[in-house]
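Please consult the sequence and the structure shown below alongside the text.

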Amino acid sequence: MSGATKDMGKMLGGEEEKDPDAQKKEEERQEALRQQEEERKAKYARMEAERENIRQGIRDKYGIKKKEEKEAEAAAAMEQASEGSLTRPKKAVPAGCGDEEEEESIVDTVMKFIPAPLMDMFNKK
């Protein structure tokens, strides 16, 4: 019955008995939690390293580059292209666009396939 009266005293707002080893137990508990957290982090770090090795093997097998590598190469290409330029880099012009000599040769090629009566009509203008 003495245990029940102690609990009743706590419930009614009485003072708790302080365990002399409570602080030591709390420190041990905190240390155990810290150790468990470190073990968990180490476990997930090992798993992620293993996954990255597998990913790299797949990248090597199929010739795929990482996103960071692609972005770094693109940035380096842009930097190299704009070295000495005060304006933004020009966009690449697709083949067949903007080159007048090439356009003339295309027109000449098309004109070769047009029948003679139609050629006369074009030449009259």
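## A charge over a ring

Lysine 43 sits over the face of tyrosine 44, at 5.6 Å from the ring centre. Such a contact requires NZ of Lys or CZ of Arg within 6 Å of the ring centre and within 35 degrees of the ring normal.

## Basis of the model

The model is predicted: local features need pLDDT of at least 70 and side-chain atom pairs count only at pLDDT 80 or more, while totals for chains, interfaces and linings use all residues. Residues are numbered from 1 along each chain as its sequence is written, and side-chain values use heavy atoms, with hydrogens and water left out.

## Overall architecture

The chain contains 5 helices and 0 strands, in the order α-α-α-α-α along the sequence. Helices (H or I, at least four residues) and strands (E, at least two) are DSSP runs, numbered from the N terminus.

Of the 125 residues, 2% count as buried, where buried means under 20% relative accessible area, exposed over 50%, and partly exposed in between (1.4 Å probe, protein chains only). The accessible surface of the chain is about 12100 Å², and 55% of it belongs to carbon and sulfur atoms. These areas come from the Shrake-Rupley method with a 1.4 Å probe, and for residues only the protein chains shown count as cover.

## Helix α2 and its end

Helix α2 comprises 41 residues and spans 60 Å from its first C-alpha to its last, close to the expected 60 Å. The expected span is 1.5 Å times one less than the number of residues. Just after α2, glycine 63 adopts a positive phi of about 70°.

Ile54, Ile58, Tyr62 and Ile64 make a nonpolar surface patch of about 420 Å². Patches consist of residues with over 30% relative accessible area and no salt bridge; nonpolar side chains (Val, Leu, Ile, Met, Phe, Trp, Tyr) are joined within 5 Å and like charges within 9 Å. Tyrosine 62 belongs to helix α2 and is exposed, at a relative accessible area of 54%.

## Salt bridges

The whole structure holds 10 salt bridges, each defined by a side-chain nitrogen of Lys or Arg within 4 Å of a carboxyl oxygen of Asp or Glu. One of them links glutamate 31 and arginine 34 at 2.5 Å, N to O. Both residues lie in helix α2 (residues 22-62), 3 residues apart, about one turn of the helix. Glutamate 31 is partly exposed at 42%, as is arginine 34 at 45%.

Another joins arginine 51 to glutamate 48, with the closest N and O atoms 3.6 Å apart. These two residues of helix α2 are 3 residues apart, or about one helical turn. Arginine 51 has a relative accessible area of 39% and is partly exposed; glutamate 48, at 34%, is also partly exposed. The side chain of glutamate 48 also meets that of arginine 55 in a salt bridge of 3.0 Å, N to O, and arginine 55 is partly exposed at 33% relative accessibility. Through salt bridges that share partners, Glu48, Arg51, Glu52, Arg55, Arg59, Lys66 and Glu68 are joined into one network.
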